[in-house]
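Thanks for coming, everyone. I will keep this brisk. Please have a look at the model on the screen.

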Amino acid sequence: MCMSSSVFSPVTLSNGITLKNRVVKAAMEENMASYQSLPGEALYSLYRYWAHGELGMIITGNVMIDKQAMTGPGGVALEAKTPLAPFTQWAKIIQSNGAKAIMQINHPGRQVLKAMQGKALAPSPIPVNVGKHSKMFATPRQMTCDDIHDVCQRFVTTARRAVEAGFDGVEIHAAHGYLLTQFLSPLTNQRQDEWGGSLENRARLLLNIVSQVKAHCPQDFLLMVKINSADFQRGGFGIDDAITVIRRLESLGVHVVEVSGGSYEAPAMQRRTADDTQLAREAYFLEFARQIASATTIPVMTTGGIKRAEVAQQVVDSGCTLVGMASALAVTPDLVKKWQQYPAYAGVILKCGWRDKALASLAGMAMVRRQLRRLGNDLTTLRTPSPLLSLLLDLHHRKRMTRRYRRELSSE
Ligand SMILES: Cc1cc2nc3c(=O)[nH]c(=O)nc-3n(C[C@H](O)[C@H](O)[C@H](O)COP(=O)(O)O)c2cc1C
């Protein structure tokens, strides 16, 4: 950790890889997969923009470890028998201008839309509660020990296949309310066996996956974990829990932790909490990341609300090694290049100000995803898109992708 490093200076991580600078494109689920949940032309076009955007590292949108358990329609999945060539091409495009290519790997657990008709598994059979919108989600089945071992094995298989495809590393998604967060949080994990109860037990699945992935991948393959600084729900996983788990990840040799927060129920990653915690206006999780960085030797990356070079530099000056950006890079994929030319250039984070917070959140995501699809079609992005039109276009696209996924699922 170097307090005076520039955000634009190279950094070498403990697996030996050097990033050309400290800015990382954080994971954004694109919902733009080709047939059979494979990467295809639309994703390649999108990632070409980021590859030429002077980023140090590019993390893919979450790739599913089980094609029957998808976070959303049009998602990408990589299993034991999935054809590898489309992933090899994806990695090559990402690396074409010197950025490192990291595949984020994930299992949604209970955060599965009912319309998708796939598997919805969870540590305990507690459905997602988002008020009047809860009925959109499937009711999860409590996982057996065999299900838990299967999930662990699948994370390892997907990570090994990412190595084969030429990726530089993987990021295990243990944030935002997905399966591994569901195990970590006492609100969603009410098991009485070795997988629930104490923090040690709740963290067991994540720690087992990390040690197995370490054991089965080359030493120089970058291993990252994205973890919540907190659930931001009363009685949930908190910052002290996060620090305890991260210290265990440190002892297992994880190379980078990305600090985020929240879930579908408390979308802190969009700066909305359910326990009245006030997050910073920009770099939402910086205070938490600072605490974590001072409690561990693992390099810390924080993502959330960053769009200006000055703020990115503050993140580095606070002891974080890497600066993550998602939404701002959907509108301005070459934002880092722009910062280098015009240091005061401010990126744009699309938000919707509607009174219905849940609907506003959906529209905000829809506005971002619309820009991803535009880049995938080689169109220019929009700095002031209409929230309503974006939402309608997004719903149409997701319906189409859901129908295709269900057809594919039933023909397997
Ligand atoms: C459209 C969209 C899709 C996202 N998909 C993912 C994902 O697949 N995995 C993940 O860890 N985070 C995902 N996120 C969250 C971002 O990585 C990030 O943590 C969050 O948006 C806050 O950062 P930002 O303010 O720079 O966008 C997504 C965000 C958006 C807007």
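Ground rules next. This is a predicted model, where local features need pLDDT of at least 70, side-chain atom pairs count only at pLDDT 80 or more, and totals for chains, interfaces and linings use all residues. Residues are numbered from 1 along each chain as its sequence is written, and side-chain values use heavy atoms, with hydrogens and water left out.

Ala27 brings a backbone N or O atom to 2.6 Å from a ligand oxygen. Lys226 has a side-chain N or O atom 2.9 Å from an oxygen atom of the ligand. Taken alone, the ligand exposes 600 Å², and the protein buries 94% of that. Those areas are Shrake-Rupley, with a 1.4 Å probe.

Now the shell. There are 20 residues around the ligand, each with a heavy atom within 4 Å of it. Ala27, Glu29, Gln104, Gly305 and Ser327 come nearest. By class, the shell has eight nonpolar, nine polar and three charged residues. Nonpolar here means Ala, Val, Leu, Ile, Met, Phe, Trp, Tyr, Cys and Pro; charged means Asp, Glu, Lys and Arg; the others, Gly among them, are polar. Helix H12, residues 357–376, gives the most to this shell, with three residues. Helices (H or I, at least four residues) and strands (E, at least two) are DSSP runs, numbered from the N terminus.

Gln371 is buried, at 0% relative accessible area. Buried is under 20%, exposed over 50%, partly exposed in between, with a 1.4 Å probe and protein chains only. Gln371 and Arg383 are twelve residues apart in sequence, and their C-alpha atoms are 9.1 Å apart.

On to the rings. The structure holds nine aromatic pairs. Rings of Phe, Tyr and Trp (its six-membered ring) pair if their centres lie within 6.5 Å; planes under 30 degrees apart are stacked, over 60 edge-to-face, the rest tilted. Take Trp90 and Phe167: centres 6.1 Å apart, planes at 85°, so edge-to-face. Trp90 sits in helix H2, and Phe167 in the loop between helix H3 and strand E10, 77 residues apart. Both are buried. Both also belong to one aromatic cluster with Tyr47, Trp50 and Phe87.

Next, Phe232 and Phe285. Their centres are 6.1 Å apart too, but the planes are at 35°, so this pair is tilted. Phe232 lies in the loop between E11 and H7, and Phe285 in the loop between E12 and H8, so the pair ties together parts 53 residues apart in sequence. Phe232 and Phe285 are buried.

Two charges sit over rings. The cut-off is NZ of Lys or CZ of Arg within 6 Å of the ring centre and within 35 degrees of the ring normal. Lys338 has its charged end over Tyr345, 5.8 Å from the ring centre. Arg404 lies over the face of Tyr35, at 4.9 Å.

Last, a buried polar residue. Ser263 is in the loop between E12 and H8, with a relative accessible area of 9%. A polar atom of its side chain lies 3.2 Å from the backbone nitrogen of Glu265.

How values were computed
A polar contact is a pair of N or O atoms within 3.5 Å; within protein, one must be able to donate a hydrogen and the other to accept it, and residues adjacent in sequence count only if both atoms are side-chain atoms.
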